[in-house]
Every structure is written in C-alpha cells, then in structure tokens.
Amino acid sequence: MTGDLMKPAERLQAYSEGRPIDRLPCVPIVGNTAARVIGVKVSELRNDGRLLARAQVAAYKRFGYDGIRIFTDLYGQAEAMGAKVRCPLDETAYLENPAISNLDQIDSIRPIDPLKSGLLRQHLDAMERTLEAVSEEAPVTGALTGPFTNASFLVGTENLVRLTLKRPKAVHRLCRVVLETSLQYAEAILKTGCAPSLTDPMSSATLISPGLFREFAFPYLKSLIDFIHGHGKAVTLHICGKTHPVWEFMADAGADCLSIDNDANLSAAKAKVGNRVRLMGNVPPAAVMLQGSTEDVRMAVRKCVSQAHDNPRGYIVASGCSLPTETPFANIDAMMEAVREVGYPVTEIDPADEDTL
Amino acid sequence: MAVTDNTEVFQRLSNAVVDMDEETTIALSELSIELGIDAYETIDKGLVSGMMRAGDLYEQEEYFIPELLLCSDAMYSGLSILQPYLKKETGKPKSRVVIGVVEGDTHDIGKNLVKIMLVTSGFEVIDLGHDISPRSFIDEANRSGAQIIALSTLMTTAMDGMAEVVRILEKDKKRNVHLVIVGGGPISSAFAKKIGADGYAPNASDAVRLVKVLTGGNQK
C-alpha cells in the first residue's frame, strides 16, 4: 500500500496538463531487481515473457512507481544479429564477444527480422502481458537499444570508435543495417501498445566527442524517434555518463524526455534544454541506491528535486540508470517515500539538504 | 624529408602522435634511427611527449576516446620500431602494475586508457585483459613482483570481485606487498574505502597520479 492518492497514468496526465497532482512522478528504473521481487533467478526472466511480465508487474505493485520498463539487458537485438552474450545464472547478462572478430567481415552483418528472434519475441510477449495487467493504471515501455550502441556490440566498442575516425563510411553502413532492424523492432513494440524507450549508452560523451555523436548517433536516433512519433508515442532517451555536450543534440533528435545519469547535472540540463524537454534522473544507482542508506537516498532525492522540480517541461524523479539487481528494497521504498514527503507543489527544499551531499 | 636537428625530429614525432598519424610516426621513427639519434630520447621527447599532449587534450575535452586510441596506435607503432634500438637500461627498474577488468565484465576501454597513460608515464604494465578472476590478479602480481594491482569494472555485479582481491591478499598475508587500486563507472572513493583498497581514481589521468604517489614516483 503506497498511500498515493493518484494512479501513475492519472498523475502523469495531470502533470503534463499542469493540473494539481499528489506528488512528483517517480521512476526508480527497476530492471532485473524484479527477479528478486518474485524470488526467481535473473537468467529466468530473460527468455520467458510470461515470467518477465509477472516479475515487472509484481515489482510495480510492490513499489508503486510511475512507469514500467520491460528490460533485462541491452543485448537482445545484437544477440539476434550474431553477438555472443553470456548469461550468468543469477546476474545480468553481458556481452561476451561481438558478432564479428575481423573487420573484413563487417559487410557480412545483415539486418534481421526481430520477430524471428525467440528472445525478442519473449520480450514483446512480456510487454503485451504487462500492458494487459496494468494498462489502465501505468505506462509500460519496451527498452530499445540505440543503433550506435548496437553497432558497438556487433563489431566491438574499440573497433567501432576507431572506425568512426578511420572508416566513417563503413560505420554508417553498419548503423544503417542496425537501424533497419531497430525500426522493425520498434514497430513490433508499438504493435503491443507500448512505447519504445531508447537507450544509447555508447553514444555518451564519456566515450565519443559531440562531433562524432552528431555524425554517427544523431541521424539514426532521429530516424527512430521520428518513426515512433509517427505512431503517436512520446520518446524517452537515456544516455549514460557525461552527456552535457550533447543535450541539445538529444533534444534536436526529437526526444520528449531526457533520462540522464549522475555524471550529469540536472540544474545545468534544465538551463540548457529544460524549455524543450522533460528531464528524468539522476539519483546515483550504485553509490546511493545500491550502497547508500535510506537516509542517503532521501537526501539524494531532495537534491535532485531541488535542482529540477521547476524544469519548464517537467521533471520525473528517477535513478540515473537502471538499478543494480541487488538494490535493497528499502532504498527503493525510501526513494518513493522521499518523493511523497516532498509533495506537490514543491514549495521549499531546505538548501542545507544540498550541502550534505 | 629535410630535417635540421634532433629537436625537430622530436617535435614532428610528437605532432604526428597528436595528429593520430600512424604513417608519419613510423616514417619519423625510422628516420630517427637512420640519423643515429638516441632511441630512448626519441621515445621520450617524441612519442611520449605526443601522447602526453593527447592526454591533456582529453582532459580538456578536446579529444575523446576514439582520438586517444588512434594517438596510442601511432605511439605504439613508433615504439615497435624504436624499442629494439634501446640501450640496455642502467637506471632503476620501473615500477610494475598488473591491470585488468574483473570477472563478470568485458568492458575494457577504461582499463585500456589507464594502461596507455601508465605506459606513457614510464610504468611497466602487465595487462591481463578482461573477465579476470581475483586469484589471477594475485598470481600475476606475485609472479611479476608488481607493486600495484589495478582493477576496473563498469558493472555493479562485478564489483565484489574487487573486494575479493583485497580479501585474498589479506588471507595470504600479502596485503602490504601489493597495493590495490580501483576504478570504473560505478566505483567511488567511498566504495574503495569500504573494501579496503589503497586508492581510487575517477579517470585515467588521476589513475597515473595515484600510481605515482603510491609508488613514490615513476622511476623511469
């Protein structure tokens, strides 16, 4: 029992329309932590739409947050295109090897039909089931990995970033192949009734320059976002790490909401793009949500709110990235509770709160 | 190419590394040998100087990881030509660092960057690669006599591997023999302190400064 007066969908709708709400929307981005909620192994979720939906719905009901995202790891599409993924029994899957080891094979990478991938079909199934379970109440999105990031999983990140400078045409060709697959997967996600939620970590300025972002990440993100907008859905774009040099590009690509991590500053983002996009973030997922105390969580939430609650296009309290699997439930509860404590409209946050972090 | 003195060779080599120009770096390295210029000096004042400048550009957000990687490709291609001509070393031995990405993680760009900057700063670096078990780090450190074990990860799930390295060192009573430093996306100084590591660095440049402090200078 959350004690909230509004349902998530109702709250978000009212917030967007500038009507009164009970509290700010809040999304601790729960991924494989959902396995802990129903007591199954992390690897069981990945290839089982029914179980993945059950876990995500249970997590949503347990914590009462404002958006469900069907996500287990970043690698589904790349795996369907030939990347090797390792799935430890009870931890998040990770990339073992890219699809090709020799760059001469780069032309052998072809678009695939995502519906022929068992894994992606299970994720689509999970989206459908989750939507069926909660559609009246809360938004459900399906995670979609960005083209540049998928390209890195296919040829290896170091290879890809070298190629951006040495063989730009080959990178564009690869990104186009990936985009073709991504568009098909996006379409399949839209058919379930969910909105794709985009994540493109490898296009972060922690890795590549804003110039390379503009050339290799932007056009493909924009194509995807245009396509999703064409189906009447808003798009959240998440990029990890340093993003301040590319916020404007992210907004130019058409994103409706930028999800930024704790390497980025919400106040600065508000000043730069707050009149164009909604912001979400950026409670530190590891240092605070995983390792901090409930009081650390509370202080981090208050700091985020004080920085971004007056963002012209709105603000969603969120973790800076997907939560680590073993994030204590108490910290997720503390995050929700801190947002309820702040309430709405946000009147004042003691500035002393900020100094303690 | 018309070259008037050694300084000009060094300057042009340094520029070639900064410009990510592997071909010119190779040509100038060969020229340096033809002209009988000391190989050590050519490496130090040409290649390493170029890589240091690239590192500065990275700190200033002029260069990003792709540029740094291509600079290091150029530097290494020059090194491979010049190294056979190095005179037997007379100075103190270099401090050794064993580096790798801990088990359960394959993200290695950050680790590679730290390695490049450590090599550039005169350390001997033994790179174990990625997805490395705690025991392997310690075995290699024992074998090579490395003073520093440098651990990297981008995954919260792999963080406990870092703590495990410290635990094994304690159990083996080797805690004072090898110093453990940690870094990577989810790592913080608070985490480093919690697991009893000897240091944390948020980026490659700070990692070099940290290793210099811990080893009492880079002794090259």
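**View 1. Strand S5 (residues 140-145) of chain A and S6(A) run parallel and are joined by five bridges in this predicted model.** Within this pairing, A:Gly142 stands opposite A:Pro196 of S6(A). On to S7(A): S6(A) is joined to strand S7 (residues 236-239) of chain A by two bridges, and these strands too run parallel. A:Leu198 has A:Leu237 in S7(A) as its bridge partner. Between S6(A) and S7(A) the chain passes through helix H10 (residues 210-230) of chain A, in a right-handed β-α-β crossover.

**View 2. Strand S6 (residues 195-199) of chain A is mostly covered, with five of its five residues buried.** In a regular strand, side chains alternate between the two faces of the sheet. In S6(A), A:Ala195, A:Ser197 and A:Thr199 are buried on one side, and A:Pro196 and A:Leu198 are buried on the other.

**View 3. Helix H1 (residues 6-18) of chain B packs with helix H3 (residues 39-59) of chain B at an angle of about 35°, the axes lying 7 Å apart.** The crossing of H1(B) with H3(B) is right-handed. Residues making the contact include B:Val9, B:Phe10 and B:Leu13 of H1(B) and B:Leu47, B:Met51 and B:Arg53 of H3(B). By class, this contact has nine nonpolar, six polar and two charged residues.

**View 4. The contact between chains A and B takes 22 residues from chain A and 16 residues from chain B.** On the side of chain B that touches chain A, helix H4 (65-82) and helix H8 (189-195) of chain B each supply at least two residues. H4(B) gives the most to this side, with four residues. The residues of this side of chain B comprise ten nonpolar, five polar and one charged.

How values were computed
Residues numbered from 1 in each chain as written. Chains lettered and ligands numbered in written order. Predicted model: local features only at pLDDT ≥ 70, side-chain atom pairs only at ≥ 80, totals over all residues. Axes fitted to C-alpha atoms, helices over the stretch in contact; angles between N-to-C directions. Left-handed = near helix turned anticlockwise from the far one by under 90°. Contact = placed C-beta atoms within 7 Å. Nonpolar A, V, L, I, M, F, W, Y, C, P; charged D, E, K, R; others polar. Buried ≥ 20, exposed ≤ 12 C-beta atoms within 10 Å, placed from the backbone. Pairing = 2+ DSSP bridges. Right-handed = clockwise from strand over helix to strand, strands pointing away.
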